[in-house]
Amino acid sequence: MQQIIIHVDMDAFYASVEMRDDPSLRGKPLIIGSMPQERGVVATCSYEARRFGVHSAMNIKEAYRLCPNGIFMHPNFEKYRAVSDQLHSIWNTYAGASETIALDEAYLDVTEKAGSWEGACGIARTIKRRTLEELGLTCSVGVAYSKTAAKIASEEKKPDGYFEIPTPEAFVNLILDRDVRVLYTVGAKTAERLNSAGIRTVRDVRDRPEEVIRLLGKQGEWITRMARGEDGRKVTPYRPEEAKSISRELTFQADVDDFVFLKDVLFLLSMSVERRASRVGLYGEGVSLKLTYADMKTITRSKLIPSSRSAARIDREAVSLLEQVPRRPVRLVGVGIYHLTGEYARQLRFEDLLPQAKDRQEAYVPERLRDLHNRYGLDFAGNLDKIFHGETLYRTVEYMRKHRGRTASGGR
Ligand code: DCP
Ligand code: MG
């Protein structure tokens, strides 16, 4: 029997939780993230704020310029994580298998439990109703024959959306004239490459599969299949708590013996780990460093920490681990956090309570970004979202590897 998959995604998740808990915020442009006077970005914002053009990942200064009368608030992760647990436990009761994608988002395989297409649509409606009645929050739901279609369906009528895509034909008809970026895995960079070959819409991909495959290889094969509505991916049960670690690693195109450069890469990987951990609302109680040397010998070193996901903390620990290992040419470097938990450290260490410790912590990331800027001449701070998306980190690091040592401070 064909799969039936539901994709659920909460509407303006962090902002909706805050509006639910404080009625005076309702109907207002609410922006969750940094404060306008701080450095940072928008995590999310209410639909009222979106009307001014504000969106996730936007620089907070830009958000302030677009929406100076908005209400700006820091996120309250512990609260969102608790709400997330409640959400997923409602949703999971309807699924044979469920895959948690983010705090506010999941795929549910309802093929068996629903027994029929009509049954699945009934479940989707029930999920919307219970989410609203029991948790006071709206979500958008898509019902479809595949994961890709279910995801697109849930976005179709956002917010408080409901949409069905029962067949590959319905899917193809829906997206045929849309921009190639609607296809999963096609980001700005890939879209650019396709556009420069005159491939702009899903229709173009469908009609010119050979060209797409020549241009993009394996990814191209996947995209051309998607443009025909083919996607047999299964819902893979996944609870982030059960994932043993959140880590990021990178293999260099040529072995590296410059430890200044290696530390710079470690820092970027630490930032990436922080981002991934934030997306699933988890902290680590250990930091690990992995190195594969040029002779293929791999070592890992690790250290327990009070639970954290801050890039500054992860990077400092990883660097101190790096300082204890042999200095030989390296082909792969990785950093991760493990012993994952939803709780931020309640017990601070004495040294964390000193006021200068807090300043040091907050200054660390901007300072390291400035170092990198000086060493490689790249605007890291202004491009973090681009750098951490998909394959771009790898490209940035290769650029850094080739350009290190060209400026005065670039040596060892
Ligand atoms: N988030 C974040 N940084 C991002 C994107 C998202 O911190 N760059 C957080 C805030 C969001 C939550 O994750 O509330 C869920 O992300 P979504 O992309 O689903 O965005 P929203 O739920 O806020 O809005 P939408 O209604 O578009 O789904
Ligand atoms: Mg959402």
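This is a predicted model: local features need pLDDT of at least 70, side-chain atom pairs count only at pLDDT 80 or more; totals for chains, interfaces and linings use all residues.
Residues are numbered from 1 along each chain as its sequence is written, chains are lettered from A and ligands numbered from 1 in the order in which they are written, and side-chain values use heavy atoms, with hydrogens and water left out.

Let us stay with the ligand. The backbone takes part too: a polar backbone atom of Phe-13 is 3.0 Å from an oxygen atom of ligand 1, and a backbone N or O atom of Met-10 lies 3.1 Å from one. On its own, ligand 1 exposes 550 Å², of which the protein buries 77% (areas by the Shrake-Rupley method with a 1.4 Å probe). In total, 15 residues surround the ligand, and the closest are Ala-12, Thr-44, Tyr-47, Arg-50 and Asp-104, where a residue counts if one of its heavy atoms lies within 4 Å.

Two of these names meet again in another way. The charged end of Arg-50 sits over the ring of Tyr-47, 4.2 Å from the ring centre. For this, NZ of Lys or CZ of Arg must be within 6 Å of the ring centre and within 35 degrees of the ring normal. Elsewhere, Arg-309 is placed over the ring of Tyr-283, 4.1 Å from its centre.

Now follow Phe-13 to its aromatic neighbours. Phe-13, Tyr-14, Phe-77 and Tyr-80 form one aromatic cluster. Rings of Phe, Tyr and Trp (its six-membered ring) pair if their centres lie within 6.5 Å; planes under 30 degrees apart are stacked, over 60 edge-to-face and the rest tilted. The rings of Phe-13 and Tyr-14 have centres 5.9 Å apart and planes at 55 degrees, so this pair is tilted. Tyr-14 and Phe-77 are edge-to-face, at 6.1 Å and 85 degrees. Their pairing links helix H1 (residues 13-21) with helix H4 (residues 77-92), across 63 residues.

Terms used:
Helices (H or I, at least four residues) and strands (E, at least two) are DSSP runs, numbered from the N terminus. A polar contact is a pair of N or O atoms within 3.5 Å; within protein, one must be able to donate a hydrogen and the other to accept it, and residues adjacent in sequence count only if both atoms are side-chain atoms.
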